[in-house]
Amino acid sequence: MSSSSNYYVSLLKLCCESQNQTQAKKLHCLILKTITHPETFLLNNLISTYSKLGNLAYAHRVFDHIPQSNIFSWNAILSIYSKLGCLSQMQQIFDLMPFRDGASWNLAISGYANNGSSTDAVGVYKLMLKDATMNLNHITFSTMLILCSNCRWMDLGRQIHGQILKFGFGSYVFVGCPFLDMYAKLGLIFDAKGYYHEMPERNVVMCNTMIIGLMRRGMVEEYKRLFHSLKERDSISWTTMISRLMQNGMEREAVDMFREMILAGFIMDPFTFGSVLTACGSLLALGEGKQIHAYVIRTDHKDNVFVGSALVDMYSKCKSIKSGETVFERMTQKNVVS
């Protein structure tokens with residue numbers, strides 16, 4: 001890999017970051033003028049650049065003129081058609097590939113799965129099980145689990161569970177999150193709990209997924225117990241708990257948990273404020289609502305339309321109409337709710 005190729009690749013990355021297609025085309029011309037035989041590595045990056053800039057025609061033109069294409073070249077052009085949902089062209093490229101790796105198979109599966117062709121995604125997956133088991137990886141299984149969850153395919157989901165265990169991916173956290181989500185969405189919460197407790201390692205995302213699954217089934221005490229047992233929490237964990245407590249009629253606990261979140265030093269987002277302000281409105285807790293309003297101002301969320309609407313609603317329910325009108329008048333953006 002030459003220094004000139006590295007130099008041009010770094011410039012192409014800047015074009016992607018700035019979304020500057022004109023500059024990318026100028027660089028392309030400069031490459032052709034200054035390098036007699038551009039390396040495949042550099043041409044692959046050109047394909048990726050045009051892909052990220054949304055210029056399919058130029059990306060394919062570069063691909064067609066690569067003298068020695070490799071697996072990265074094929075995957076780069078396959079990725080474009082997969083992400084754009086051009087499924088017939090994606091399948092053509094996939095069929096023409098002289099060799100495939102795990103990324104190739106995953107691009108074909110996700111292309112179909114993300115663009116409404118679920119049965120075709122399953123077809124590619126089954127072909128992979130038949131012809132290319134060595135290329136199965138955590139991304140393959142994660143994609144298929146999400147697909148089963150979205151399509152509510154319980155039987156296929158259980159089959160994939162068995163295949164995950166068979167091929168040694170059962171302890172992968174990356175696979176565990178969509179696994180839990182699938183079982184919870186399909187109403188198999190006890191299967192989800194069993195899998196969760198069997199996992200040798202759990203990250204905060206997996207814990208959040210389990211909490212949300214328990215919440216969906218209305219298992220209030222269980223998700224509260226799980227939350228308080230967590231050694232690691234993030235803002236999503238706290239916000240999810242506050243939101244679900246409020247939705248389950250436990251407004252006082254939601255407000256108390258918000259206070260705990262502040263003391264623990266976590267950053268609030270608009271959804272955190274929206275949920276706790278709704279809880280204050282239901283409790284007619286004007287004093288606490290005003291305190292949270294002050295906190296909204298200090299944390300620079302006052303211009304968020306979601307937070308502004310929640311403030312107007314809270315003041316309205318607490319019969320503080322003038323305060324609600326003041327918030328409404330100062331809102332830089334408004335929606336139907338506000």
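The face of helix α4 (56-64) that is turned away from its buried side carries the exposed residues Ala57 and Asp64. Here exposed means over 50% relative accessible area, buried means under 20%, and partly exposed is in between, with a 1.4 Å probe and protein chains only. Helices are DSSP runs of H or I with at least four residues, numbered from the N terminus. The model is predicted, so local features need pLDDT of at least 70 and side-chain atom pairs count only at pLDDT 80 or more, while totals for chains, interfaces and linings use all residues. Residues are numbered from 1 along each chain as its sequence is written, and side-chain values use heavy atoms, with hydrogens and water left out.

The buried residues of α4 are Ala59, Val62 and Phe63. They lie on the same side of α4, because they cover an arc of only 100° around the axis; the arc is that of the directions from the helix axis to the C-beta atoms. An α-helix has 3.6 residues a turn, so residues three or four places apart point the same way. The buried residues of α4 pack against α2 (21-34), α3 and α5 (71-84), where contact means heavy atoms within 4.5 Å.

In the loop between α3 and α4 stands Asn55. With a relative accessible area of 11%, Asn55 is buried. Apart from neighbours within four places in sequence, Asn55 is in contact with Gln21, Lys25 and Tyr50.

Helix α3 (residues 40-52) also meets helix α1 (residues 3-18): their axes come within 10 Å and cross at roughly 5°. Axes are lines fitted to C-alpha atoms, for helices over the stretch in contact, and angles run from 0 to 180 degrees between N-to-C directions. The crossing makes α1 roughly parallel to α3, a term for angles under 35 degrees, whereas those over 145 count as roughly antiparallel, 65 to 115 as roughly perpendicular and the rest as oblique. On the side of α1, the contact is made by Ser5, Asn6, Tyr8, Val9, Leu12 and Cys16, and on the side of α3 by Phe41, Leu42, Asn45, Leu46, Thr49 and Lys52. By class, seven residues of this contact are nonpolar, four are polar and one is charged. In this scheme Ala, Val, Leu, Ile, Met, Phe, Trp, Tyr, Cys and Pro count as nonpolar, Asp, Glu, Lys and Arg as charged, and the others, Gly among them, as polar.

Beyond neighbours within four places in sequence, Ser110 is in contact with Ser82 and Thr143. Ser110 and Met144 are 34 residues apart in sequence, and their C-alpha atoms are 8.5 Å apart in space.

Most residues other than glycine have a negative phi, and most peptide bonds are trans. Arg152, although not a glycine, has a positive phi of about 60°. Its place is the loop between α9 (138-151) and α10 (154-166), and Arg152 is exposed, with a relative accessible area of 51%. Asp300 is likewise not a glycine and has a positive phi of about 65°. Asp300 is found in the loop between α18 and α19 (305-317) and is exposed, with a relative accessible area of 58%.

Helix α14 (220-229) has the buried residues Val220, Tyr223, Lys224, Leu226 and Phe227. These cover an arc of only 165° around the axis, which puts them on the same side of α14. Among the elements that cover them are α12 (189-198), α13 (204-216), α15 and α16.

Helix α16 (residues 251-263) has 13 residues and reaches 19 Å from its first C-alpha to its last, close to the 18 Å expected at 1.5 Å a residue; the expected span is 1.5 Å times one less than the number of residues. Glu251, Ala254, Val255, Met257, Phe258 and Met261 are the buried residues of α16. They are on the same side of α16, because their arc around the axis is only 160°. They pack against α14, α15 (235-247), α17 (270-283) and α18 (286-298). After α16 comes Gly265, with a positive phi near 85°.

Finally, Gly324 is found in helix α20 (residues 321-330) and is buried, with a relative accessible area of 8%. Not counting residues up to four places away in sequence, Gly324 touches Val312 and Tyr315. The C-alpha atoms of Gly324 and Ala310, 14 residues apart along the chain, are separated by 9.9 Å.

Key: Helix = DSSP H or I, 4+ residues; strand = E, 2+ residues; numbered from the N terminus.
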